[in-house]
Amino acid sequence: MPPRNTDTPSRHARFASAHPPEVAAARLALMVQRRGILPPREEAMIGRVSEDRVVLEHHVPRTRNAFKPVFVGRFAREGRGAVLAGRFAMHWSVRIFLAFWFGFGVLWTGSVLAMAVAGTPRAWLLLPVGAVLLLIGVGMVALGRSLARTDIAWLSARIAAALDAPPAD
């Protein structure tokens, strides 16, 4: 197993609390703003909190980043306290979009290669289109991740503070 990069926070997360799940969920809910029609004007943790499902994201005013990580997890009873276990990932709709984007790029490139092998004249002229599609997709993901590079640490700190305990690894 390769060594883990300690500069990048883990995508999987566990946050321990000395409080039972219902109290821990209530404590976390107090620090979370619900998503409304108008976004908050200040930096905030927004989302939904219940014992069964927690969905949180870092809101930065005047910015939009579909590629930012969203925490999805749930509370579980552990001894006298609770643990909020989940993971940070891109929103499911963004993952579906990227699957279509990269799938179309690969399909385009494969089709052009098949046409070139079949002897279609000048088919090779269309080959750069597939490469450009794939490069644009990689660039979008890289830019989105770089803009959200501190979101996991920011959310983790707020969640741990709300639960009144450091993250349990």
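So, R77 is exposed, at 54% relative accessibility, where exposed means over 50% relative accessible area, buried under 20%, and partly exposed in between, with a 1.4 Å probe and protein chains only. Before I go on, this is a predicted model, so local features need pLDDT of at least 70 and side-chain atom pairs count only at pLDDT 80 or more, while totals for chains, interfaces and linings use all residues. Residues are numbered from 1 along each chain as its sequence is written, and side-chain values use heavy atoms, with hydrogens and water left out.

Okay, back to R77. What does the side chain of R77 meet in a salt bridge? That's E22, at 3.5 Å, N to O. By salt bridge I mean a side-chain nitrogen of Lys or Arg within 4 Å of a carboxyl oxygen of Asp or Glu. This pair links distant parts of the chain, with E22 in helix 1 and R77 in strand 4, 55 residues apart. Helices here are DSSP runs of H or I, at least four residues, and strands are runs of E, at least two, numbered from the N terminus. E22 itself counts as partly exposed, at 40%.

A search of the whole structure gives four salt bridges. R14 sits in strand 1, residues 12-17, and E78 in strand 4, residues 70-78, which puts them 64 residues apart. Both ends are partly exposed, R14 at 36% and E78 at 45%.

Then there's E57 with K68, where the closest N and O atoms are 2.9 Å apart. E57 is in strand 3, residues 54-59, and K68 is in the loop between strand 3 and strand 4, eleven residues along. Buried or exposed? E57 is buried at 12%, and K68 is buried too, at 14%.

Now the helices. Helix 2 and helix 3, residues 127-147, pack at about 160°, with axes 8 Å apart; axes are lines fitted to C-alpha atoms over the stretch in contact, and angles run from 0 to 180 degrees between N-to-C directions. That makes the two roughly antiparallel, given that under 35 degrees is roughly parallel, over 145 roughly antiparallel, 65 to 115 roughly perpendicular and the rest oblique.

Helix 1, residues 21-30, and helix 4, residues 151-163, cross at roughly 125°, their axes coming within 8 Å, so those two are oblique.

Last stop: I96, in helix 2, residues 92-118, is partly exposed at 41%.
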